[in-house]
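This briefing covers a sheet, a helix and the core between named residues.

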Amino acid sequence: MAFSDTLQQASFRGIPFGVEVESTTVGQRVAAHEYPYRDGEWDEPLGKRAPEFRIQGFLLGGDVRYGGGDLQSQRWAMEAAAQQAGTGTLVHPAKGR
């Protein structure tokens, strides 16, 4: 089995790439308050934490599933997409758009 066969497909602003590892961090925000001359703390709930997505992606030269073409052209296209102003659409391998 080739390395490219172990990857999941994703894209950012239409530029395809392969994903090996992805994770999502969710939870609650809490402020811990400590006071002088008192043991322990008081935890103040602050609501939900904004979800954080982490993706480890790969550009693969010559693989049609990931845009084909040479690796350098794919790299330039991904750099240009990342530097564009405004928001871009990420197609996540498990969550979709």
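A nonpolar core is here a set of buried Ala, Val, Leu, Ile, Met, Phe, Trp, Tyr and Cys residues joined through side-chain atoms within 4.5 Å. The model is predicted. Its largest nonpolar core has six residues: Ala10, Ile15, Phe17, Val19, Met78 and Ala81. S2 contributes three of them, the largest share, and both S2 and H1 supply at least two residues each.

**Sheet**
- An open sheet is built from four strands in the order S5-S2-S1-S6, with antiparallel pairing.
- The edges are held by strand S5 (52-58) and strand S6 (90-91); each has a single partner strand, so one side of each lacks a neighbour in the sheet.
- Five bridges join strand S1 (residues 8-12) to strand S2 (residues 15-25) in the antiparallel sense.
- Ser11 has Pro16 as its bridge partner in S2.

**Helix and its packing**
- Helix H1 lies across S1 and S2, and runs at about 55° to S2.
- Met78, one of the core residues, touches Phe12, Ile15, Phe17 and Leu59, leaving aside residues up to four places away in sequence.

**Gln74**
- Gln74 belongs to helix H1, which spans residues 71-83.
- With a relative accessible area of 8%, Gln74 is buried, because the cut-off for burial is under 20%.
- Leaving aside residues up to four places away in sequence, Gln74 touches Leu59, Leu60, Gly61, Gly62, Tyr66, Gly68 and Gly69.
- Leu59 is touched by Gln74 and also by Met78.

Definitions and conventions
Residues are numbered from 1 along each chain as its sequence is written. This is a predicted model: local features need pLDDT of at least 70, side-chain atom pairs count only at pLDDT 80 or more; totals for chains, interfaces and linings use all residues. Side-chain values use heavy atoms; hydrogens and water are left out. Buried means under 20% relative accessible area, exposed over 50%, partly exposed in between (1.4 Å probe, protein chains only). Contact means heavy atoms within 4.5 Å. Two strands pair if DSSP finds at least two bridges between them. Axes are lines fitted to C-alpha atoms, for helices over the stretch in contact, and angles run from 0 to 180 degrees between N-to-C directions.
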